[in-house]
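Visitor: Hi, could you walk me through this one? I'm new to it.
Guide: Happy to, here it is.

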Amino acid sequence: MKRILFLETNTTSTGAQAMKLSKEMGYHVHFWTNDPSQYDSIKYDNPTDLADEIKVIDTYDAAKMIKAIKNEQIQYHGVLAFDDYHLMPAAEIAKKLHLNGHETKSLSLVRNKNLMRDYLKNLIDKSGFYQPKFQTINEDHSSHLYNDNYEFPLVFKPIDDSGSNGVRICHNKNELIEAFNVEKERFLNPRGYKLQRSWLAEEYISGDEYSAEMLYTKEGWKLVSVTLKETYGEHAIESGHVSSKSIKPIPDIEDRCIKLLNLFNLDFGAAHIEFKLKDSKPYLIEINPRLAGDYIPALVKTATGVDMVEHLLKQSLGIDAKINFSTDESAAIKFFIPKRPGIYKKAANLKEIMSYQGIIQIDTVNLPVHFTQAKSSYERIAFAIAKAKRPETAFKAAEKAISDLRWDVSYSN
Ligand SMILES: Nc1ncnc2c1ncn2[C@@H]1O[C@H](COP(=O)(O)OP(=O)(O)OP(=O)(O)O)[C@@H](O)[C@H]1O
Ligand SMILES: [Mg+2]
């Protein structure tokens with residue numbers, strides 16, 4: 001029997017899609033998790049239902065899992081992780097079992113944003129990107145915060161979290177110290193990942209924000225689609241995206257992204273490169289050595305016909321996968337983030353909105369939601385996906401769908 005091992009999964013469905021596809025391809029799906037109950041709130045395609053076998057184990061402890069695999073005497077044909085925090089243990093297991101996976105050294109350089117910044121500092125001319133001025137802040141050096149000179153606005157962020165957790169745009173020293181004091185008390189992220197005790201203070205880069213969705217192939221890295229994103233509030237929560245091959249922030253974007261990934265010796269799977277365009281120059285925000293979250297792979301599939309999940313899955317299993325662009329459209333997602341505190345009980349008119357031109361999906365998270373403040377992407381409680389020929393048209397359709405939602409809500413003030 002052919003088997004594949006999934007270390008945890010994510011909440012934006014790419015992990016579940018890969019599980020379904022694995023089963024269709026005849027693989028026996030093993031799902032290892034710290035705690036199956038963390039998936040209780042997933043409405044559709046719950047990984048605990050899709051998996052053939054579930055094992056509860058510390059999925060942050062690669063050595064323990066390697067030992068468990070030895071004891072089981074089971075042969076796996078692939079191992080995959082879909083969230084940032086399990087990429088490293090998955091890579092370590094893959095290496096030990098001689099399966100396809102990330103080079104751990106390269107992975108570490110991009111997973112830790114401070115290492116990425118330091119590494120690029122000396123290679124920036126070769127990278128095709130610019131980067132903001134930055135400073136690493138360690139817990140033991142925190143007293144410097146009060147004395148050091150910073151230029152504002154700046155972006156304060158943890159080096160190894162994601163989903164905009166702990167990210168704060170600071171306009172003055174007080175805000176920086178406040179952000180640091182809040183972060184200092186945060187030891188675990190919402191996925192139970194033990195955060196490192198380091199942060200970055202980065203020059204704030206103004207301008208439009210994009211991401212490049214890349215796949216590794218036999219011929220090296222390829223650009224599949226470009227995504228333009230919208231962010232919201234002082235925590236820069238991603239509130240919408242539109243993806244299309246026709247979005248061209250700079251003419252040579254594919255070459256630059258290939259150069260960048262090659263500099264880090266990344267040679268596996270997918271990459272989601274986030275950058276901002278300032279004075280027509282691309283400034284690197286981060287390299288995510290994985291598929292994008294936020295339903296972006298679904299947008300890419302709608303817009304280009306390329307199934308990035310399938311490509312990644314096949315590559316991890318050692319099956320040759322080709323990129324085949326079969327459509328030339330645009331697809332957008334817009335999230336609903338409440339503006340007023342309250343209990344959001346129901347969105348009444350989802351069916352009606354589904355009939356709007358271009359809308360292909362609209363849904364909410366499990367309701368009711370008690371909303372107080374928008375601090376991270378966990379406060380996005382509904383989303384709409386739309387498709388159109390042009391990026392602007394797709395984004396406008398998704399925006400309209402979200403703004404037309406009729407909420408049943410009890411406001412707190
Ligand atoms: N130096 C910067 N200048 C301007 N904006 C920035 C900078 N760094 C981060 N941001 C904004 O904050 C957002 C989140 O930052 P970053 O991507 O580093 O954190 P994250 O937690 O990994 O986010 P996510 O997982 O949502 O992509 C970015 O998408 C961008 O909008
Ligand atoms: Mg990011």
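Predicted model: local features only at pLDDT ≥ 70, side-chain atom pairs only at ≥ 80, totals over all residues.

Guide: We'll go through the sheet, its helices and the core.

Visitor: How many strands form the open sheet, and in what order?
Guide: There are 8, running β13-β12-β9-β10-β11-β14-β18-β16, with antiparallel pairing. Strands are DSSP runs (E, at least two residues; helices are H or I, at least four), numbered from the N terminus, and two strands pair if DSSP finds at least two bridges between them.

Visitor: Which are the edge strands?
Guide: β13 (281-288) and β16 (359-364), each pairing on one side only.

Visitor: And which helix touches β9?
Guide: Helix α11 (residues 296-304) packs on the sheet, and β9 (208-217) is among the strands it touches. Contact is C-beta atoms, placed from the backbone, within 7 Å.

Visitor: What does I385 touch?
Guide: Its contacts include Y295, L299, I333 and A398, not counting residues up to four places away in sequence.

Visitor: Which residues touch the most others in the largest nonpolar core?
Guide: M214, L299, I385 and A398, out of 89 residues. Such a core is a set of buried Ala, Val, Leu, Ile, Met, Phe, Trp, Tyr and Cys residues joined through C-beta atoms within 7 Å; buried means 20 or more other C-beta atoms within 10 Å of a residue's own.

Notes:
Residues numbered from 1 in each chain as written. Chains lettered and ligands numbered in written order. Contact = placed C-beta atoms within 7 Å. Axes fitted to C-alpha atoms, helices over the stretch in contact; angles between N-to-C directions. Buried ≥ 20, exposed ≤ 12 C-beta atoms within 10 Å, placed from the backbone.
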